[in-house]
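Here's a quick look at one chain, from its overall fold down to a single pair of side chains. Keep the structure open as you read.

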Amino acid sequence: MLRTPRLFLALAPAAAFALFAGCFGSTSSDPCVDYCDYLCTCHEGEAEYDCNQCRAEYSASSPALQDECETELVALQEQDATNNEGCFDEEGDTAL
């Protein structure tokens, strides 16, 4: 009987995130635009995410804000990957 190695099972979530995050990539040169685009597209209509507030808050993105946006985007994508949420089309590919 074949047994699945524990290391494989332990690394599977990290591998799924890497694949998920790699599919999105950065679509602009401004991490704040990328973060708000992801939030507005992938979490549209969800009460805990406010697209207009995101765009207003990060419209004048200084270098410090860009670092924050990049961190927020990665954290949201990790959360979505962990929860099997986010933007996917009918084939299971990312919709962004």
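## The one salt bridge

First off, this is a predicted model. Search the whole structure for salt bridges and you get one. The partners are Asp37 and Arg55, whose side chains come together at 3.0 Å, N to O. The bridge joins distant parts of the chain: Asp37 sits in helix H2 (residues 31–42), while Arg55 belongs to helix H3 (residues 51–57), and the two are 18 residues apart.

Why can such a pair form? Side chains of opposite charge can pair when their charged atoms come close.

## Buried or exposed?

How exposed are the two partners? Asp37 is partly exposed, at 27% relative accessible area. Arg55 is partly exposed as well, with a value of 36%. Buried would mean under 20% and exposed over 50%, so Asp37 at 27% and Arg55 at 36% both land in between.

## The fold around it

Stepping back, the chain has four helices and zero strands. Read from the N terminus, that gives the order α-α-α-α.

The chain has 96 residues, and 26% of them are buried.

How values were computed: Residues numbered from 1 in each chain as written. Predicted model: local features only at pLDDT ≥ 70, side-chain atom pairs only at ≥ 80, totals over all residues. Heavy atoms only, no water. Buried < 20%, exposed > 50% of the residue type's maximum accessible area, 1.4 Å probe, protein only. Salt bridge = Lys/Arg side-chain N within 4 Å of Asp/Glu carboxyl O.
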